[in-house]
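I am opening this notebook page to record what I looked up in the structure shown below.

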Amino acid sequence: MKPASGKRKDISEVTALIFVEGDTEEEFYQVIFDKYLKGLRKKMWNLGGNFDISRKVLDKTFSFLDLHRNSAVRVYCCIDRESREHNPPLDIDLLLETFSKYHQTKRRVLSVDGIIATQMIESWFFHDIEGIYKFLSAPKSARGNHKFKPVEKLTHIDLARLFKKHGKSYIKGKRCHNFIKNLDIEKIIAACEELQRGIKLILDNSDRRQ
């Protein structure tokens, strides 16, 4: 981690730094951003997994502020809870405490928030089970929507099994790009309170300087 150095100029812009857990999240959130956050000053980073999240967020944020001396930032961490009930692998208090230690950052990191998927991003996909079946070209007689509720109990393993049952393979990451493009994002957002709150938070904060 490298603290920003030197004197800062007056803040003239606020950037949303949006950290996503991995390639699947990057594909999903890019669709969200294109639809709902168009024109918003933002930068997305792929954390490459849920290990050392705090360190990676600190490193990238310090680097961004060092390169953009007239910017303030709001930090959003889009990660998986990895369970139905346990805390996610993210220490927001540690992030805030660290940013507050440095004169160059304590007034430039305006907020740090998490957008947490329970259990994981694939759980949210099941909000559009009809879209999944349509993508798989599954006959209506073979569909059982009732089996996939509540979505919080489901993971990528359940999605992979459903794909296999209908002759396809679910592979996390960049190769799920076409699948995600075929999901009904509006339906997923309408059913997902965590995602609704996250999008609203980013939009509400977009013009705030404090």
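Which element gives the most to the lining of the largest cavity? I found that α10 does, with 4 residues. Before going further I noted that this is a predicted model, in which local features need pLDDT of at least 70 and side-chain atom pairs count only at pLDDT 80 or more, whereas totals for chains, interfaces and linings use all residues. Residues are numbered from 1 along each chain as its sequence is written, and side-chain values use heavy atoms, with hydrogens and water left out.

Entry on the cavity. The largest cavity holds about 40 Å³, the volume being the space filled by probe spheres set on the points, which are joined across faces, edges and corners. Its lining (residues with an atom within 4 Å of a point) consists of Tyr 29, Ile 32, Phe 33, Leu 37, Ile 115, Leu 195, Gly 198, Ile 199 and Ile 202. Two or more of these residues come from each of α1 (23-36) and α10 (193-205), where helices are DSSP runs (H or I) of at least four residues and strands (E) of at least two, numbered from the N terminus. I sorted the lining by class and got 8 nonpolar, 1 polar and no charged residues, with Ala, Val, Leu, Ile, Met, Phe, Trp, Tyr, Cys and Pro counted as nonpolar, Asp, Glu, Lys and Arg as charged, and the others, Gly among them, as polar.

Entry on the helix pair. I then asked how α1 and α10 pack, and found an angle of about 50 degrees with the axes 12 Å apart, the axes being lines fitted to C-alpha atoms over the stretch in contact and the angles running from 0 to 180 degrees between N-to-C directions. Where the two meet (heavy atoms within 4.5 Å), Phe 28, Tyr 29, Ile 32 and Tyr 36 of α1 touch Leu 195, Ile 199 and Leu 203 of α10. By class, this contact has 7 nonpolar, no polar and no charged residues.

Entry on the backbone. I recorded a cis peptide bond between Thr 118 and Gln 119, with omega about -10 degrees, and Gln 119 sits in the loop between β4 (109-117) and α5 (121-125). Another cis bond runs from Lys 149 to Pro 150, with omega near -5 degrees.

Definitions and conventions: On a 1 Å grid over the protein atoms alone, a cavity is a set of points where a 1.4 Å probe fits but cannot get out, and a pocket is an open set with protein on both sides within 12 Å along at least five of seven lines; lining residues have an atom within 4 Å of a point.
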